[in-house]
Amino acid sequence: MLRIAVPNKGSLSEPAVEMLREAGYKQRRDSRELVLADPDNDAEFFFLRPRDVAVYVGEGTVDAGITGRDLLLDSGADAVEHLPLGFARSTFRFAAPAGTMTDVAQIAGKRVASSYTTLVGAHLAACGVEPASIVHLDGAVESSVQLGVADVIADVVETGTTLRAAGLEVFGEPILRSEAVLIRRPEADLTNGVSVLARRLQGVLTARQWVLMDYVVPNDLLEEAVGITPGFESPTVSPLHESGWSAVRVMVERSTMNRAMDALYDVGARGVLVTSILASRL
């Protein structure tokens, strides 16, 4: 059986479970369930702390896992990113008291507080900056400056509201743009279930991003209509029973479908219909 690690709580957990469910895998109904067998798909799921997923994958205890890119890099585990999954996006940045710092070089000799000390240390080393110390905190990092534990923090930034409330502001370029990722060991045999898992998850991503659009259009307007909807690769065009008209079926990005429908109608296409895609293999 393919052994897959899944976050058991936090912002990664529910979206990961939902994506796996959409990919056709059995998923737990009780949050207290820590191991779940899915014999129909030759898979077994282990629900672990998000920070531990990369460690178990790196040790080879499980074959693959879903975690955050930030957690993967901070773990130092012998695991690699295989597929970005498009959810739980975040930006990791430095912050300091407002008006005190503008550049990462100014961190030299300062105390830095973070929950991601390995990641921060590697980033500062790559920038050629040596801090006085990197203080590990498990939470409430934004309070560390006010409480005198650190001079600078490195943390996930979403709206920045919490930082501003603590009198801090971000500076410098982002340390990392993170999101949920599928991970595996570097030497994993991709002919096994890992490749099937990745294809299924990619199919879910495609189904979420694209829709199927059908319409009919006069032949003399066909090229103009196809120019509006070039598709994932190329539209399927079929002649109608009524001469002079063609039916077109094409994949269109979900975010652009209404603009495409308006443009098609304006050039003379009719019967424009949109259908959601449940799954795909492209």
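I looked up the lining of the largest pocket: helix 2 (50-59), helix 3 (69-75), strand 9 (152-157) and helix 5 (161-165) each give at least two residues to it. Helices (H or I, at least four residues) and strands (E, at least two) are DSSP runs, numbered from the N terminus. The model is predicted, so I note that local features need pLDDT of at least 70 and side-chain atom pairs pLDDT 80 or more, while totals for chains, interfaces and linings use all residues. Residues are numbered from 1 along each chain, and side-chain values use heavy atoms, without hydrogens and water.

I read the volume of the largest pocket as about 800 Å³. A pocket here is an open set of points on a 1 Å grid over the protein atoms alone, where a 1.4 Å probe fits, with protein on both sides within 12 Å along at least five of seven lines; lining residues have an atom within 4 Å of a point. The volume is the space filled by probe spheres set on the points. Of 31 lining residues, Ser11, Asp70, Tyr116, Asp155 and Val156 are the closest to the centre.

Next I checked helix 1 (residues 13-22), where Ser13, Ala16, Val17, Met19 and Leu20 are buried (under 20% relative accessible area, 1.4 Å probe, protein chains only). Down the helix axis these buried residues fall within an arc of 160° (directions from the axis to the C-beta atoms), so they line one face. Their cover includes strand 1 (2-7), strand 3 (43-48), strand 4 (64-68) and helix 6 (193-209), with contact meaning heavy atoms within 4.5 Å. After helix 1 comes glycine 24, with a positive phi near 100°.

How values were computed: Buried means under 20% relative accessible area, exposed over 50%, partly exposed in between (1.4 Å probe, protein chains only).
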